[in-house]
Each structure stands twice: as structure tokens, then as C-alpha cells.
Amino acid sequence: MPDVVRLHYDVDGENFMAAGEASSAVKNVLRRLGFGEDLVRRAAICLYEGEINMVIHANGGAIDVSVSPQAIEMVLQDQGDGIPDIEQAMREGFSTASDRVRDLGFGAGMGLPNMRRYADSLEVTSEPGKGTRVLMTLRIAPV
Amino acid sequence: MIVVELAARLDAKVLCGSEAALGRAVRGAYAGDLLSWVMGRAQAGTAWVTIMSNMNVAAVALLTDVSCVVLSENVTPDEALLVRAAREELVLLSTPLSTYDACWRIREGLADAAVL
């Protein structure tokens, strides 16, 4: 395999039915690269939560994934309204999702907490009115 | 206990699922309708019992790698869920049982199979 595998996906805003396609695609790529089930599952969960957040809150965005021998890095960038209080958004159960979104089964306030739980590191930077950038890293244990 | 045996215990209809997927072992159960919650907690190989029926159920089931999705209370899946589940060889079961009763029977099945 090449030293670094790079993947890019554009995520549609408000398209709940297609949400998860990027995560599924990345999961399949990671599987093909031969990573263990646990790492693949954690990466997929992190990415899905980020993807859903962009669909629900930011009218879509872009996902860039790079896989090196040391780590899987996933960057999600959107041009949404931003997160005014990141600490509050990280709290389990806190959500600003609409009733319509909740009816679809989202809005449990577990998105960012799940990312924190399953990524080895999570960095969220946000500027109100300009957008949010989420960086998640999963380390690859040396064989 | 494999998925097809579980279907029999739940008096469930098999809505879709490949032969290989129906032969997969069931390692436990998880019940929940809030997708993010399920996403973070459901363990691979378990049977996920839910009343949610939209297409996002397929995404969560595939990403968590559960052995099957059990729609309780005779819930009918949206067409989009059925199509995606069939495409991805995900097992969808539909049972008349409540979520509670479905989980109870799964536990009985696991006990009989000496998994517990």
C-alpha cells in the first residue's frame, strides 16, 4: 500500500437518507487495507457521528481522511453556523436538533461524546457564523 | 444461536438477509431507538431491537456490525431501508413481540444455547 491513502467526500446538507454513505465507504476501505475490526468500527462510528452532525446542523460539508502507517486522521469541515459553546456541546444529552430530526432517531446528544469516546484524540474548533472543523485521530498500533 | 434460529424464536418474518448473514452467531441483544445512543453502545454481533424503521437504521446497523436488526411491534420498514438492507446483505426481522418480550426471548435463546 502507498504510504498515505487519502480519501475525500462531500456531504449533502439535509439529505438524511444518504447520510452515512461516506462513513460506510471509509469503513470498506479500511477493511480492505486490513485493519482490525475494532479499529475499523471505532473509525466508522466517529465518522458517522461527524457526518450526521454536518447534515443536521451545517447544511453539509467536506470530509478528508488520510491513512498513514501510524494513524487514521479524519477532518470534517463545514460552513455552518458554528458551535457557540463547545464544552456544552460535548456534554452527553445536550442537543439543539429539531423535533423533525429527533423523529428520525437523531438528536440524542451523543454525537460528540461518541466521537470523544472512540477517537484517540478529538479537536473541535468553531467560529460562529463561519463553520466548524473537527479533527479526529485514531492511532494505529504497531504490528 | 444463529440469526435464523433467533428469527424462529421471535416468531419473526425474515424481511431480507443473505444465507451467510442468517447463519451468523448472535452474541447478545441491544434495545434502543435513539440512533446515536445505539451507535455508541451496541456491540458487534448482537441483535439490535428497535421500532425505528427509516433508512438510517441500515447505516447504524452496518457501522456497529450487529448481527441483525429486529423490528419489534410489527413495525414495517420504510422502502428505502428495505432496499439498502437488501443491498448490504443486512438481516431485517419483523416480530409482533414488544421490544421487552423480544429481548426476553433472545435471552432465553442465548441461555439455551449456553452462550450465557
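Mentor: Start with strand β2 (residues 60-67) of chain A, which pairs with β3(A) in the antiparallel sense over six bridges. Strands here are DSSP E runs of at least two residues, helices are H or I runs of at least four, and both are numbered from the N terminus. Two strands pair if DSSP finds at least two bridges between them. One caution: this is a predicted model, where local features need pLDDT of at least 70, side-chain atom pairs count only at pLDDT 80 or more, and totals for chains, interfaces and linings use all residues. Residues are numbered from 1 along each chain as its sequence is written, with chains lettered from A and ligands numbered from 1 in the order in which they are written.

Trainee: What joins β2(A) to β3(A)?
Mentor: A hairpin, through three residues. Across the pair, V65(A) has M74(A) of β3(A) as its bridge partner.

Trainee: And which residues of β3(A) are on its covered face?
Mentor: I72(A), M74(A) and L76(A). The uncovered face of β3(A), residues 71-77, carries A71(A), E73(A), V75(A) and Q77(A). Side chains alternate between the two faces of the sheet in a regular strand.

Trainee: Which strand pairs with β3(A) over seven bridges?
Mentor: Strand β5 (residues 131-139) of chain A, in the antiparallel sense. There, A71(A) has R139(A) as its bridge partner.

Trainee: What's the strand order in the whole sheet?
Mentor: β1-β2-β3-β5-β4 in chain A, an open sheet of five strands with antiparallel pairing. β1 (5-12) and β4 (121-127) stand at the edges with a single partner strand each, so each has one side without a neighbour in the sheet. On average, neighbouring strands are turned by 10° against each other, direction ignored.

Trainee: How many bridges join β1(A) to β2(A)?
Mentor: Eight, and the two strands run antiparallel. L7(A) stands opposite V65(A) in β2(A).

Trainee: Which helix packs on that sheet?
Mentor: Helix α1 (residues 21-32) of chain A, touching β1 and β2 of chain A. The direction of α1 makes about 165° with that of β1(A). Angles run from 0 to 180 degrees between N-to-C directions, and axes are lines fitted to C-alpha atoms, for helices over the stretch in contact. Contact means C-beta atoms, placed from the backbone, within 7 Å.

Trainee: Switching to helix pairs. How do α2(A) and α5(A) cross?
Mentor: Their axes come within 9 Å and cross at roughly 155°. α2 spans residues 37-57 and α5 spans 111-118. The two are therefore roughly antiparallel, a label for angles over 145 degrees.

Trainee: Which residues make that contact?
Mentor: From α2(A), R42(A), I45(A), C46(A), E49(A), G50(A), I52(A) and N53(A). From α5(A), G111(A), N114(A), M115(A) and Y118(A).

Trainee: Now chain B. How does β2 pair with β3 there?
Mentor: In the parallel sense, over three bridges. A29(B) has A47(B) of β3(B) as its bridge partner.

Trainee: Are the β3(B) residues buried or exposed?
Mentor: All are buried, meaning 20 or more other C-beta atoms within 10 Å of a residue's own, with C-beta atoms placed from the backbone. A47(B) and V49(B) point one way, W48(B) and T50(B) the other.

Trainee: Last one: how many residues does each chain give to the contact?
Mentor: Chain B gives 17 and chain A gives 21. On the chain B side, α3(B) supplies the largest share, five residues.

Terms used: Parallel < 35°, antiparallel > 145°, perpendicular 65-115°, else oblique. Contact = placed C-beta atoms within 7 Å. Buried ≥ 20, exposed ≤ 12 C-beta atoms within 10 Å, placed from the backbone.
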